[in-house]
Amino acid sequence: NNHATGFGFGSSFNSGGKIPLGLKRKGLRIVVTGGAGFVGSHLVDRLISRGDSVIVVDNFFTGRKENVMHHFGNPRFELIRHDVVEPLLLEVDQIYHLACPASPVHYKHNPVKTIKTNVVGTLNMLGLAKRVGARFLLTSTSEVYGDPLQHPQVESYWGNVNPIGVRSCYDEGKRTAETLTMDYHRGAGVEVRIARIFNTYGPRMCIDDGRVVSNFVAQALRKEPLTVYGDGKQTRSFQYVSDLVEGLMRLMEGEHVGPFNLGNPGEFTMLELAQVVQETIDANAKIEFRPNTEDDPHKRKPDISKAKEFLGWEPKVPLRKGLPMMVSDFRQRIFGDHKENAA
Ligand code: NAD
Ligand code: UDP
Ligand code: UDP
């Protein structure tokens, strides 16, 4: 093979990541784009502890070295500062393609860059997958359902998306990324997987990324009012990050292309979420209503029957269990080591 790199993992090369039955599993070479971000860094932890070699490709737009620093010095870990909008040559077995800002505040910051990341970035990573015969997993989003007219959302639903709105760079970008993924699958035989991720929270989320869980938690810790947008009756379903990572790995290792919804079906209004945050952090936290943002989806809840049946997956961590784990991380990052301030 022209692309062998002498890493010593030749046997798994071009296998699309499949492990031949009966053989002892060898470490795979895996690229995680966006691996210095929130979800990516948790995925990297799991892959490294499983014995794989991981290359993180990240431009640090929203990611942070601190999220992966604990792997520095590990010969099975490599960090490349690179923007996926530019082509990239690597020799790997699997590609987890996460690179893309995920919070509305970040992805609206430079919408053209967001859509380029989704379209050109995904095209490049698919080109890479095609060249080296790697298996490719796209992290798409529940936003492909837009402001859904079907509830809960099933994978076969085509969605209700505004193509010219302020969220379009993200949701239409991801829809195009899904299209590209399926076209490389059908046209070039690339082994692909598509995950549609619903709102996910946990340690290492950006503190000021404007998402509702990070906002409420940071606000309650800082003794600021919780900002509820609109009437607070819109719903979301919140998934703890370890459940998502388990789902992504099962999807990659499994036999099914997808798309698969990966999310926690527990549905909360933003007012209910505020209440859980009050119970967890500060019963006296005030609530302040603010005007809602444009094109805000009214409700969102995954139907996860397909992932249950074909991946044997379902989330294990309910909001009331996951939130405290995120709160400890936020407390430490907001107040540093001066825990006495955090009481
Ligand atoms: P994040 O912002 O923490 O991570 C994204 C990472 O991608 C960051 O490290 C960022 O620096 C990097 N990145 C962005 N643009 C890049 C580019 N052009 N080149 C290289 N790196 C780039 O977000 P996250 O929550 O970890 O999301 C990861 C993936 O999961 C994203 O694709 C997102 O769309 C998807 N997703 C997340 C959620 C969620 O609730 N967290 C929901 C649906 C989908
Ligand atoms: N690409 C890449 N790394 C590779 C192979 C391809 O970044 O190892 C990029 C390549 O630059 C191109 C895109 O992926 O922009 C699509 O590649 P493909 O070979 O499918 O299409 P083509 O180059 O023929 O347009
Ligand atoms: N939201 C809120 N207060 C905040 C931030 C967000 O009430 O401080 C609302 C927002 O209007 C939306 C929901 O929470 O209805 C989820 O927003 P988020 O940005 O977390 O994710 P997404 O809209 O992408 O699902």
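A residue counts as near a molecule here if its C-beta atom, placed from the backbone, lies within 6 Å of it. Keep that cut-off in mind as we walk through this predicted model, because it decides which residues belong to the surroundings of a ligand.

Let's start with ligand 1. By that cut-off, 28 residues surround ligand 1, and Gly34, Gly37, Val39, Thr62 and Gly63 are the closest. Several elements take part in this shell: helix α1 (38-50), helix α3 (111-132) and strand β5 (135-141) each supply at least two residues. Helix α1 has the largest share, with 3 residues.

Now move along to ligand 3. The shell here has 14 residues, and those that come nearest to the ligand are Arg211, Val212, Asn215, Thr227 and Tyr229. Two elements, α5 and β8 (226-229), each supply at least two residues of this shell. Strand β8 gives the most, with 3 residues. By class, you will find 5 nonpolar, 6 polar and 3 charged residues around ligand 3.

Spanning residues 212-221, α5 packs against helix α7 (residues 270-280) at an angle of about 40°, and the two axes lie 10 Å apart. Their crossing is right-handed. On the α5 side, the contact is made by Val212, Phe216, Val217 and Ala220, while α7 brings Met270, Leu273, Ala274 and Val277. What classes of residue make up the contact of α5 with α7? There are 8 nonpolar residues, with no polar and no charged ones.

Finally, step back to view the whole chain. It holds 9 helices and 13 strands. Its radius of gyration is 20 Å, close to the 20 Å that the globule rule gives for 343 residues, so the chain is as compact as a globular protein of that length. Along the principal axes, the C-alpha atoms fill a box of roughly 65 × 45 × 40 Å. Of the 343 residues, 47% are buried. If you look at contacts with a separation of 6 or more, 79% of them are between residues 24 or more positions apart.

Terms used: Residues numbered from 1 in each chain as written. Chains lettered and ligands numbered in written order. Predicted model: local features only at pLDDT ≥ 70, side-chain atom pairs only at ≥ 80, totals over all residues. Axes fitted to C-alpha atoms, helices over the stretch in contact; angles between N-to-C directions. Helix = DSSP H or I, 4+ residues; strand = E, 2+ residues; numbered from the N terminus. Left-handed = near helix turned anticlockwise from the far one by under 90°. Contact = placed C-beta atoms within 7 Å. Nonpolar A, V, L, I, M, F, W, Y, C, P; charged D, E, K, R; others polar. Rg over C-alpha atoms; globule rule 2.2 N^0.38 Å. Buried ≥ 20, exposed ≤ 12 C-beta atoms within 10 Å, placed from the backbone.
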